[in-house]
Amino acid sequence: MSVMNYGDCVSLGTVADNVRYGPSLVGIKLEDSRVEELLRIADLEPSFASKAVGTLSVGQAQRVALARTLANNPEVRNECVYKCVCVSISLYLSFSQKP
């Protein structure tokens, strides 16, 4: 299995440690409330913050990776959003039209 299958989580520590990882590299400490907010955005309950990353399912680990990415306040460009929406619509249509 590749690391990407597990959402590229840092293998040690908790979910909160993983979400805080990027900002900590530039000296920013995320408050618990911000970690919880990012977990909600990634469709995870705030209670996941204290879970060990080794106990997560693949899907949960991928959502933690999403929260960790968002913790860095990435610049989202319109063309990226447009492409993601187009791919999502295309996938939806391809699966919804099968018998």
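Visitor: Which residues in α2 are buried?

Guide: In this predicted model, Val35, Leu38 and Leu39 of α2 are buried, where buried means under 20% relative accessible area, exposed over 50% and partly exposed in between, with a 1.4 Å probe and protein chains only. Residues are numbered from 1 along each chain as its sequence is written. Because the model is predicted, local features need pLDDT of at least 70 and side-chain atom pairs count only at pLDDT 80 or more, while totals for chains, interfaces and linings use all residues; side-chain values use heavy atoms, with hydrogens and water left out.

Visitor: What covers the buried residues of α2?

Guide: The cover includes α1 (15-25) and α3 (58-70). Helices here are DSSP runs of H or I with at least four residues, and strands are runs of E with at least two, numbered from the N terminus. The chain has four helices and zero strands.

Visitor: Why is Arg20 called buried?

Guide: Its relative accessibility is 18%, so Arg20 counts as buried. Arg20 belongs to helix α1. Leaving aside neighbours within four places in sequence, Arg20 is in contact with Leu30, Glu31, Asp32 and Val35, contact being heavy atoms within 4.5 Å.

Visitor: What makes the charged end of Lys51 count as sitting over the ring of Phe48?

Guide: The criterion requires NZ of Lys or CZ of Arg within 6 Å of the ring centre and within 35 degrees of the ring normal. For Lys51 the distance to the centre of the Phe48 ring is 4.8 Å, and its charged end is found to sit over that ring.

Visitor: In which helix is confidence lowest, and in which is it highest?

Guide: Confidence is lowest in helix α4 (residues 78-96), with a mean of 65, and highest in helix α2 (residues 32-41), at 94; pLDDT is the predictor's confidence in each residue, from 0 to 100. Over residues 1-7 the pLDDT is below 50, and this stretch has twelve contacts in the model beyond near neighbours in sequence. Where pLDDT is low, the predicted coordinates should not be read in detail.
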